[in-house]
Amino acid sequence: MSRRSLPEINAGSMADIAFLLLIFFLVTTTMDVDTGLVRKLPAMPEEEEILDDSQIKARNIYVVLVNAKDQLLVEEELMDISQLREGTKAFLDNWGKDPNLSDNPQKAIVSLQNDRGTSYEMYISVQNELSAAYRELRDREAQKKFGVNYMELKGDNKKEIRKMFPEKISEAEPKNVGGN
Amino acid sequence: MSRFKKKKGGGTPAISTASLPDIVFMLLFFFMVTTVMRETTLLVENTLPQASEVKKIEDKSLCSYIYVGAPVAGMKSKFGTEPRIQLNDAFRLSSDVQEFVAAKRESTSEEKIPQLITCIKADVDAKMGLISDIKQELRKAKAFKINYATFERVE
């Protein structure tokens, strides 16, 4: 009885199989990274606690209202979204010069209030413009002090700039004024 | 003396394709590792708004996603055309958000709970009323870290 060795399996089609799998994964792969605006919600107010904002001087509050028709009312004046960034920067970066604008950036608060009928798109644009205003001021300060942009700073330097321009965006409890 | 005669001519030798499977396998593994399968099917229209001041989310596993938008074409007859909230694989009401957040906390290891973040993926046409409701529920559930998902706009 002769012993025959097993014939070797042909591996020629291995590449084809691998290609097939490869193409499947190529097609199904999505390399999207989730991006977005990060915000922190305030804690729920206690039942008895009465919000006392009379201690904050009116000049230190920048009131931004958005109505159900996506119109913007900033400090009791109609404003276009394109001007909001400059407006916010002027308010924050006032250092007590203009009596209607803030004392200093640490005390300044941006108060944002929207209607229930405001579109989400408008809301995000407003949030984005406010963030941009803070970011531009922080960048300017960081450039002046350390010669780099705010996002490239590390540790204490970053904290220092953040302390200089703390992002204080306060959102009022939602109201239904527009009636949708 | 023809024994050691050199072979001459015969054109260029064929390129060996023996290493082809290896190369393909390498690519295959790369894509297998990077692939993330979608775990939820979208029941709502979801065109995200654009913003320039965006931050990236480092760890997607810490995210709980809340989708908001009008039901997709096939669902319109059943669920109407008004924007709705989708949690996991079903339409839910804003009152279910607390439970949803609690379930996510339950399934996360303790040291990572403070890092949990809620991603609101809302359609551009959604109204703030619905978003406000979600935000109020999140405040009640003490899930304060939120992220409004947006596309990045280059300025």
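Which residues of the largest nonpolar core touch the most other members? In this predicted model, local features need pLDDT of at least 70, side-chain atom pairs count only at pLDDT 80 or more, and totals for chains, interfaces and linings use all residues. Residues are numbered from 1 along each chain as its sequence is written, and chains are lettered from A and ligands numbered from 1 in the order in which they are written.

The residues in question are A:Tyr120, A:Tyr123, A:Val126, B:Ile66, B:Val68, B:Ile120 and B:Ile131, in a core of 47 residues. A nonpolar core is a set of buried Ala, Val, Leu, Ile, Met, Phe, Trp, Tyr and Cys residues joined through C-beta atoms within 7 Å. A residue is buried if 20 or more other C-beta atoms lie within 10 Å of its own, exposed if 12 or fewer, and partly exposed in between, with C-beta atoms placed from the backbone. The element that gives the most to this core is α3(A), with 9 residues.

Chain A contains 4 helices and 6 strands, in the order α-β-β-β-β-α-β-α-α-β from the N terminus on. These elements are DSSP runs numbered from the N terminus (helices: H or I, at least four residues; strands: E, at least two). Of the 180 residues of chain A, 23% count as buried. Two residues are in contact if their C-beta atoms, placed from the backbone, lie within 7 Å. Among the contacts in chain A with a separation of 6 or more, 65% come from residues 24 or more positions apart.

Five of the strands of chain A form an open sheet with mixed pairing, in the order β4-β3-β2-β5-β6. Because β4 (77-79) and β6 (169-171) of chain A stand at the edges with a single partner strand each, one side of each is left without a neighbour in the sheet. Strands count as paired if DSSP finds at least two bridges between them. β2 (residues 61-66) and β3 (residues 72-74) of chain A run antiparallel and are joined by 3 bridges; A:Leu65 has A:Leu73 as its bridge partner in β3(A). Helix α2 (residues 81-92) of chain A packs on the sheet, where β2, β3, β4 and β5 (109-114) of chain A are touched, and its direction makes about 15 degrees with that of β3(A). Such angles run from 0 to 180 degrees between N-to-C directions, with axes fitted to C-alpha atoms, for helices over the stretch in contact.

Helix α3(A) has 27 residues and reaches 37 Å from its first C-alpha to its last, close to the 39 Å expected at 1.5 Å a residue; the expected span is 1.5 Å times one less than the number of residues. A:Gly147 follows α3(A) and has a positive phi, near 75 degrees. Not counting residues up to four places away in sequence, A:Val126 touches A:Val64, A:Val66, A:Ile81, A:Leu84 and A:Leu112.

The contact between the chains takes 39 residues from chain A and 44 residues from chain B. On the side of chain A that touches chain B, α1 (14-28), β1 (35-40) and α3 (120-146) of chain A give two or more residues, and α1(A) gives the most, with 9 residues. Strand β1(A) runs antiparallel to β7 (residues 145-149) of chain B over 5 bridges, and A:Val38 has B:Asn147 as its bridge partner. B:Asn147 also stands opposite B:Cys119. Strand β6 (residues 117-122) of chain B has 5 of its 6 residues buried.
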